[in-house]
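Here's a quick briefing to read with the model open beside you.

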Amino acid sequence: MGANLLPFWNGWTFCRTELSAAPEAEDCFQPVEIPHDWLICDAKNLYRDGCGWYRKEFRLPEIKGPVILRFEGVYMDSTVYVNGQKVMDWKYGYSTFDADITEAVREGMNEVVVQVRFQAPNSRWYSGAGIYRRVWIRLCGK
């Protein structure tokens, strides 16, 4: 069984909303580079509660086995969706985690959305908010 770990940090867009709100308009999403910290963009409101939405479209030509997204760091309370389907929640902001997206992906175009909730106070140090480390996709063949 082979597996390919491929970079997945390019091509993301981002939208910030209030803590309990979802993005209301498509034009809310703007291109960002991962790693990304949305708190530092507004230095006068470093600890303002909010929700960051990251979105990426990607193509899978075929699916031969499990498909895993590896997030090296997302701060802090995150939910991963693929093609509108909730895949998992991850509550910890400082650890790497894997999201098995096999059941949610399809051959052809797919969309992953990561919702990241930030609420202060939550750390003794400046924590940042968002996908602050790289993202990978692992394609496992059978």
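The largest pocket in this predicted model comes to about 180 Å³. A pocket here is an open set of points on a 1 Å grid over the protein atoms alone where a 1.4 Å probe fits, with protein on both sides within 12 Å along at least five of seven lines. The volume is the space filled by probe spheres set on the points, which are joined across faces, edges and corners.

**Pocket lining**
- Lining residues (an atom within 4 Å of a point) include Asn 4, Pro 61, Lys 64 and Cys 140.
- By class, the lining has 7 nonpolar, 3 polar and 2 charged residues, with Cys and Pro counted as nonpolar and Gly as polar.

**Aromatic rings**
- There are 9 aromatic pairs, meaning Phe, Tyr or Trp rings (the six-membered one for Trp) with centres within 6.5 Å.
- Phe 71 and Phe 97 are stacked (planes under 30 degrees apart), because their centres sit 5.0 Å apart with planes at 20°.
- Trp 90 and Phe 97 are stacked too, since their centres are 5.1 Å apart and their planes at 20°.
- Ring pairs join Phe 71, Trp 90, Tyr 92 and Phe 97 in a cluster.
- Both Phe 71 and Phe 97 are buried (under 20% relative accessible area, 1.4 Å probe, protein chains only).

**Charges over rings**
- Arg 55 sits over the face of Phe 29, 3.9 Å from the ring centre; the test is CZ of Arg or NZ of Lys within 6 Å of the centre and within 35 degrees of the ring normal.
- Lys 56 does likewise over Phe 8, at 4.7 Å from the ring centre.

**Ground rules**
- Residues are numbered from 1 along each chain as its sequence is written, and side-chain values use heavy atoms, leaving out hydrogens and water.
- Local features need pLDDT of at least 70 and side-chain atom pairs count only at pLDDT 80 or more, while totals for chains, interfaces and linings use all residues.

Definitions and conventions. Phe/Tyr/Trp six-rings, centres within 6.5 Å; stacked < 30°, edge-to-face > 60°. Buried < 20%, exposed > 50% of the residue type's maximum accessible area, 1.4 Å probe, protein only.
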